[in-house]
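Reader: I have a new model open and would like to learn how to read it. Could you walk me through it step by step?

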Amino acid sequence: MPIKVAVIQFPGSNCDLDTVYVLNKIMKIETDLIWHAQFKNSDYDAAILPGGFSYGDHLRAGIIAAYSPAMDIVKQMAKEGKPILGICNGFQILVESSLLPGALLQNDCLTFICKWVHIRTETSNSVYTKRIKKGTVIRIPIAHGEGRYFNDEKALKELNNNDQIVFRYSDEKGKITAESNPNGAFESIAGICNLDRNVLGMMPHPERASEPILSPYKSSDGLGIFQSLKQFLEGS
Amino acid sequence: MPMVSGAKVDLKPDELAHIEKTLGRTPNMVEIGMIDIMWSEHCSYKSSRPSLKMLPTKAPQVLIGPGFDAGVIDIGDGLAVAFKIESHNHPSAIVPYDGAATGIGGIVRDILCMGVRPVALLDPLRFGSLSSGHSRWLFEHVVKGIGDYGNCIGVPTVGGEVEFDESFEKNCLVNVCCVGIGRKDEIKKGMANKVGDKLILMGGSTGRDGLGGVTFASRVLTDKSEQDRPAVQIADPFTKKLIIEATLETLKTDFVHGIKDLGGGGLTCVCSEMAGAGETGLDVDLDKIMLRESNMIPYEIMLSESQERMMFAVDPEGVETITNIFKKYEVPHAVIGTVVKTGKFRMFKDREEVGSLPVEILDEAPIIHREARKPNYIDQLKQIKLPELPSNLSEVIYRLLGSPNIADMGWVYHQYDHEVGVRTIVKPGHGDAAVLRVLDTKKAIAVASDCNSRHTYLNPYHGGAGAVAQSCRNVVAMGAKPLAMVDGLNFGNPENPEIFWTFVEAVRGISDMCKGLDLPCVGGNVSFYNEDEVTKKAVKPSPMIVVVGLLEDQSKVVTMDFKQNEDLIILLGDTFDELGSSEYYHFIHQLEGGTAPQTDPVREKNVLNCVLALIDQRLVTAAHDCSKGGLAIALVKMCMNGNLGAQIDLTPVESEKLRIDALLFSESHSRFILSLKKDQFNTVKNLVQKYSVPFYLLGKVTKDPTFNLSYSTGKIKCELNKMKRIWLETIPKMMKG
């Protein structure tokens, strides 16, 4: 069976086509775009929850999608150990559906921010960072209004102890500073994974950082995440 | 305002007499309301139409020109680009957040109904001085409105421009432009030309919001305008996102014959224009229309400007297929009528006819020939006393970088998602225009909007022509060949002959420059009555020009930042003593007047073609046009963007006729600054000579982070870090304080 990835489209998703584009055209991974109501079985090898404004961010970002029947399938897949990746709004959905701990609050500057930032890879021990050396700084854009990761002290400690913090905002040299934290996220957290290391949520957009032509640095650092995923799926 | 059949109308007595004579009777309430809307300035262009006829509209690349929801141009390989500009000035001046947001909503629908996917937004904006609290409030909420809406629907906001000037204190200008890319063979027109087709109204329900918004936009703003709040629509970007995806999915079937969005003028406008363009008639059942509020009368239903609605003319056999698509996206919809061959627009309620009008009376409002008279200020402002030359020109550069009209606009564009769609290969702030790649091809398009309202105030003809020239230079600086333009014309009250003169002159200038550059106009928008009724102060005339250009090879794109130490810096084009209406006069000397920059289509065309050839042959490492702040500001911006310094010697450009401040800060047209590799110098020089373009070697890029400039009688030295601090911090600081 060839590997097949699903990108789930909720009403209001808007990075769905971008993610499909990168997976199909750049990564050459067979990928389907699936309307949430038609996502009915867990035959796919991995599922991606793309960025956007599912259900218009009504009530709270990600919460309505979190209660959709499609997420029951996603939870089933997660339990089976299949990779689940939530990008931006997808991260918000993962948090709201308790697949990942914590909450994503409004940015501390109170405005939407779209800009290129640096994130430091905190662990290579995840489906998505297998091929990225710990400590590697990745150049990648963010675009969100509610991306400030929050959790209580005890939970943050657990995340640290369990090596679940995958990415932190940093400066270009990999130093974690207040200035390089764009949204006021606790402990500069940009992405976390679950205990089984197959579910990753991240605010930055790797699909926008996978081709040199899109990068102000002519970089394609985001590819590492998809290449790690591909390697995991191919079992090599 | 006169009352007719129970409706308040803006129609003039002679217009009312003409209507009664044509109909042979007095129209009832809903009918007169509909005519009032369709004959408003906003819908009918009754004052502007004679002038707009001057604009060239034909060229081989034009697929659809003015008169439809958007212009469409051919970019080769079976692909097409649609684009259009609209204004949402009046609503934004009253309720900035929703006014701006619904402006985006409207322009996105315009692009969508051509059958293409909206891929980019640009917003030319004008506000009063940022030292005014009212202007800061407008600025903050307009930007947030644009951001929240565009971000949510997933269409990147990639460009635009902002100017601040006291004349926009009460009347801010909020223009919105949308660009779409699609397949040439899938282009649709907003017409109902097939008798028997069913009309499906899709999207939001119809409520009392936005009632009479169009006639509101065709009046001047008064103190009482706050009471016009119900005339401003409420934005719903989530529904819009569903509408976009649902509409694009219907286009994959062959059943949709025409689409049109409901914007200004609501159902009235969409029905009359679809039937007018299709030379048919329509029967519409008002009982089928989904209403948000109870007890709405036909007058309210027909005039409502509730947002997020689209009308589809659908083959009767395809109604089920199309409605199933709408059901998938959970978008409300209803079959509300039929295309008929009566030439009449008839409305029914409770099976009774409640209104019937010939389509042509709605679609063809009579033209008004307005009087135009040259205002006295034009000649008066030419005579000014030459200000004293500042003793410290380095200080002048630092100060200019802190002018809100020159300062970095990151505060604005970082609030916009400018990357969604994975097309934006040159992002806001990195070049004179935004560049979007065309997916699955080697091509890219460059888009820029520009206008200098102060130039236009001082000289409407050259201001209009200059806006076209400048937008073309912006696109060409990226390496893209300009293909077409749309214009957003923002002026005061056209009933004032002096205002109308500035309008006619500006359009004449635009037209002459377009003709000279072989650049067709494929659409536009006219917004009059941008005037405060109390002070009678009109906005400075603002013809916003948006140009789309094509790069056949996206790898040839050039940005404005200096790239490498030791690269040579050259100037193309001559500088004239044209400091009138410059940022230097305004900001440094608080001086309004003098000679505004003059335009010359031949000179412009030569320099544009020259730069295109240089970039096409990969001879250029950075390109930037000289505009606001002149030569000096253009150079330091290239330094700041590249984090490099420069060593400039101005003596080759100096002349006795030109004082040093004029050389540094004059905003003369037809100029570019380029950087190039040392070993390409002779190749570049020879090529430039072939285009008869003046060529000057100014100096070189340096690693040392300092801008050093020498001229025959002095020196300028500015530290890169200090310049950057001022340039980057000005707007955020002002918005905090």
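Reader: Which scores does the model get, and what is the average pLDDT of chain B?

Author: Where pLDDT is low, the predicted coordinates should not be read in detail. Here chain B averages a pLDDT of 94, and 97% of the residues score at least 70. For the model, ipTM is 0.96 and pTM is 0.95.

Reader: How many helices and strands does chain A have?

Author: Chain A has 6 helices and 11 strands. Its radius of gyration is 16 Å, close to the 18 Å that the globule rule gives for 236 residues, so chain A is as compact as a globular protein of that length. Along the principal axes, the C-alpha atoms of chain A fill a box of roughly 45 × 40 × 35 Å. Of the 236 residues, 57% count as buried. Take the contacts in chain A between residues at least 6 apart in sequence: 75% of them join residues at least 24 apart.

Reader: At what angle do α7(B) and α9(B) pack?

Author: Two packed helices are described by the angle between their axes and the distance between the axes. For α7(B) and α9(B) the angle is about 35°, and the axes are 8 Å apart. The crossing is right-handed. From α7(B), the contact is made by B:Asp148, B:Tyr149, B:Cys152 and B:Ile153, and α9(B) gives residues including B:Phe238 and B:Ile244. The contact residues divide into 6 nonpolar, no polar and 3 charged.

Reader: And how many residues of chain B are in contact with chain A?

Author: The size of an interface is often given as the accessible area lost when the parts come together. Counting residues instead, 26 of chain B are in contact with 24 of chain A. On the chain B side, α7 and α9 are the elements that give two or more residues. That side divides into 10 nonpolar, 9 polar and 7 charged residues.

Technical notes: Residues numbered from 1 in each chain as written. Chains lettered and ligands numbered in written order. Predicted model: local features only at pLDDT ≥ 70, side-chain atom pairs only at ≥ 80, totals over all residues. Contact = placed C-beta atoms within 7 Å. Helix = DSSP H or I, 4+ residues; strand = E, 2+ residues; numbered from the N terminus. Nonpolar A, V, L, I, M, F, W, Y, C, P; charged D, E, K, R; others polar. Rg over C-alpha atoms; globule rule 2.2 N^0.38 Å. Buried ≥ 20, exposed ≤ 12 C-beta atoms within 10 Å, placed from the backbone. pLDDT = per-residue confidence, 0-100. Axes fitted to C-alpha atoms, helices over the stretch in contact; angles between N-to-C directions. Left-handed = near helix turned anticlockwise from the far one by under 90°.
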